[in-house]
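Reader: Hello! I am new to this structure and would like a friendly tour. Could you show it to me?

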Amino acid sequence: MALPDHIDTSLRFADARSSLTEWGPQLADEYYNATISYFDRLTDEVWIFGVKPDDGPVSFVPGTYASLGLGYWEPRCDDALEADIDDKWAKLVRRSYSVSTPMFTSDDWATVDHGIDDLARCDDLDDIEIYAVLVRPEDDFVPGLTPRLACKDVGDRLFMGRKMAGRYTAADITDPTTPLVFLSTGTGEAPNIAMTIELLRKGHTGPIVSVVTARHWSDLVYVDKNRALERRFANYTYLPIPTREPDVEKRYIQDVVRTDFTPDKLGLELDPANVHVFVCGNPDMIGLPDESGETPVYPEKTGIVEMLVERGFKLDKRRDPGNIHFEEFW
Ligand SMILES: Cc1cc2nc3c(=O)[nH]c(=O)nc-3n(C[C@H](O)[C@H](O)[C@H](O)COP(=O)(O)OP(=O)(O)OC[C@H]3O[C@@H](n4cnc5c(N)ncnc54)[C@H](O)[C@@H]3O)c2cc1C
């Protein structure tokens, strides 16, 4: 990308900043190729928003992620600033976002069952939905993108990479009777609901159980839609667990896997012979082993992967398929 000649990137940010009204829009024109089509602030920190690319309809494979970006020159919602901002103020901060889904296409999904045709599609879309959370600065750590996204609204411009990437998809699920388990923390729910909607839309008949944890009920933004999905599909079970609500027992996904996957509780046993598990979000919850030595070394705090491997499940890897599919968000 070529920047206009008169934008002198060797300037210190503090000096360049005074000309922000002049060069900010010029940099944006150079880099940005998409528009925010809606922006729902569910809380100050948790948002669902649409991104509409300039060059026409967009399609994605459920479970994959897109790259979004804003300029380092953009304002932030906090007063933190990157230590090396002088070197990069004219560049983009880019991050990966799993593509989420509005789940239903009708406006009256809460009260009317329009059947399978009402489930959101993943091809030929005007925009994609993103489910994101604000990350706060801490000690020396300065998050790059979300404090800048926090200042944006409908109609604002941003960068979106046109190629979706990732192998966290339901491509291996070719038998529609396969029992499926989706586990996620926070915004890790995004790719899981995208896969669930597409599987149900294509007629998946096997049981699907989704367990989601987040700090508060207000962070669990897809609860009502998931309840509506449960009412429509007898084979779908949704278990949302807030971990910081005073009247709710604090349970982690590991606790649920340990005790609740029985036919009487969640209607499903974790049998490695036929179940596939999809796990997404916080790396501590996932608990991938270090496989650099002869035997895998698991993290001190037991994660889902270790628990499932002990039960006979196998990690899904490139060229070595398994039935534990995972996506770490950091
Ligand atoms: C494949 C992939 C898909 C992703 N999909 C999503 C998504 O759908 N929604 C989303 O909100 N984020 C998602 N992320 C994380 C996202 O890329 C950013 O890291 C995040 O939005 C924070 O960006 P930042 O620049 O503000 O902070 P960064 O500079 O990226 O700071 C990273 C730190 O922020 C914290 N963090 C990052 N992501 C989260 C999160 N989701 N929840 C809580 N804390 C977090 C962690 O402490 C991490 O070490 C995904 C990451 C990957 C690798």
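**Rings and their surroundings**

Author: Trp89 is buried, as its relative accessible area is 1%; buried means under 20% relative accessible area, exposed over 50%, and partly exposed in between, using a 1.4 Å probe and protein chains only. This is a predicted model, where local features need pLDDT of at least 70 and side-chain atom pairs count only at pLDDT 80 or more, while totals for chains, interfaces and linings use all residues. Residues are numbered from 1 along each chain as its sequence is written, and side-chain values use heavy atoms, with hydrogens and water left out.

Reader: How many aromatic pairs does a search of the whole structure find?

Author: Rings of Phe, Tyr and Trp (its six-membered ring) pair if their centres lie within 6.5 Å; planes under 30 degrees apart count as stacked, over 60 as edge-to-face and the rest as tilted. With that rule, the search of the whole structure gives ten aromatic pairs.

Reader: Are the rings of Trp23 and Trp89 stacked or tilted?

Author: Their centres are 4.9 Å apart. The planes meet at 40 degrees, so the pair is tilted.

Reader: How many residues apart in sequence are the parts that Trp23 and Trp89 tie together?

Author: Helices (H or I, at least four residues) and strands (E, at least two) are DSSP runs, numbered from the N terminus. Trp23 belongs to helix α2 (residues 20-31), and Trp89 to the loop between α3 (85-88) and β4 (92-98). The pair therefore joins parts whose separation in sequence is 66 residues.

Reader: Are the rings of Phe182 and Phe278 stacked or tilted?

Author: Both Phe182 and Phe278 are buried. Their ring centres lie 4.9 Å apart, and because the planes are at 20 degrees, the pair is stacked.

Reader: Which strands do Phe182 and Phe278 lie in?

Author: This pair ties together parts that are 96 residues apart in sequence. Phe182 sits in strand β7 and Phe278 in strand β10 (residues 276-281).

Reader: Is Ser184 buried or exposed?

Author: Ser184 is found in strand β7 (residues 180-185). Leaving aside neighbours within four places in sequence, its contacts (heavy atoms within 4.5 Å) include Val211, Ile253 and Cys280. Its relative accessibility is 0%, so Ser184 counts as buried.

Reader: What share of the residues in the protein is buried?

Author: The protein has nine helices and eleven strands. Of its 330 residues, the buried ones make up 50%.
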